[in-house]
Amino acid sequence: MRSDTATEVFEEHRPVLFGVAYRMLGRVADAEDVVQDAWLRWAGADRAEVREPRAFLIRITTRLAIDRLRQVQSRRESYVGPWLPEPLATDAAGSPPDGAERAVFAETVTLAVLVVMEALSPLERAVFVLREAFGYPYAEIGAILDRSEAAVRQLAGRARRHVEEGRPRYEVDPEQQRDLTERFLAAAAGDDLAGLLSLLTADARLVGDSGGKAKAPLRIIESADKVARFLLGVAKSQPAGLDFRLCDLNGGLAVLLHLDGVPDTVVQLGVQDGRIRTVYIVRNPDKLRALAAD
């Protein structure tokens, strides 16, 4: 295989490799590092012995992501405040395999699911990603991870149970999401406490991620009243030069705020039974750099 052909083959599969790595790690920079390491392995491999480039590349990427996840999990133990995945433009999350349901594929990249997946072991997370997002058969996952099919089925069962138990039952109807997001923004901007409370569930939560590098609550705020009052306080103190637009991040509608042209905040709403159950706010500047070009 010529070097130019090797590059073309790798670039053809880059989106799916990034999709695997991002779902494993929840951070764009880490995922990109893993994909780059996969390229180096691919470039140095005896490709004449590779029958299925896609399977070979996904195997390398998954194993590299497992190793990287073990490294970053220790760093996250000292993270300042709540941790949320890095927001990702949905069209950058990799393409679903033929026959896969796009809704299921997109669901595996939502902030809510990625947060729940943080509690999985690296192997459980790899099995869950390969099975649920990319539709790989258990036998093929076993070959990727050097595990028996029976062992993979056990890992998949444990991972699925944990995710199902911890996953919020959010609705993803695009029209409803947009309507609630627009009403949410109007109420916050209009200092409308009653309006905000009408949009929130009684047990609403606000999860803010700043990593200690920007202003955000260091603990999860709970109850509709506390969430609403916090949001109104923030809205009153917004600096000049702040503007926002709606965009598609992590499989759903989000609000991206820019301050003087630089990404400053991402806000995304988790909707349950027609009301807002969770407000996710990402303000860590390290997690917003990749959105600068969007």
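This is a predicted model: local features need pLDDT of at least 70, side-chain atom pairs count only at pLDDT 80 or more; totals for chains, interfaces and linings use all residues.

A pair of aromatic rings is described by the distance of the centres and the angle of the planes. Searching the whole structure turns up three aromatic pairs. One of them joins Phe 10 and Trp 39: the ring centres are 5.3 Å apart and the planes meet at 65°, so this pair is edge-to-face, as the angle is over 60 degrees.

Where do Phe 10 and Trp 39 lie? Phe 10 belongs to helix H1 (residues 3-25) and Trp 39 to helix H2 (residues 28-44), so their pairing ties together parts that are 29 residues apart in sequence. Phe 10 is buried, with a relative accessible area of 0%, whereas Trp 39 is partly exposed at 22%.

## A tilted pair

Trp 42 and Phe 56 also form an aromatic pair, and this one is tilted, with 5.7 Å from centre to centre and 55° between the planes. Here the link runs between distant parts of the chain: Trp 42 is in helix H2 and Phe 56 is in helix H3 (residues 53-76), 14 residues apart.

Is Trp 42 buried or exposed? Trp 42 has 0% relative accessibility, so this residue counts as buried.

Definitions and conventions
Residues are numbered from 1 along each chain as its sequence is written. Side-chain values use heavy atoms; hydrogens and water are left out. Rings of Phe, Tyr and Trp (its six-membered ring) pair if their centres lie within 6.5 Å; planes under 30 degrees apart count as stacked, over 60 as edge-to-face and the rest as tilted. Helices (H or I, at least four residues) and strands (E, at least two) are DSSP runs, numbered from the N terminus. Buried means under 20% relative accessible area, exposed over 50%, partly exposed in between (1.4 Å probe, protein chains only).
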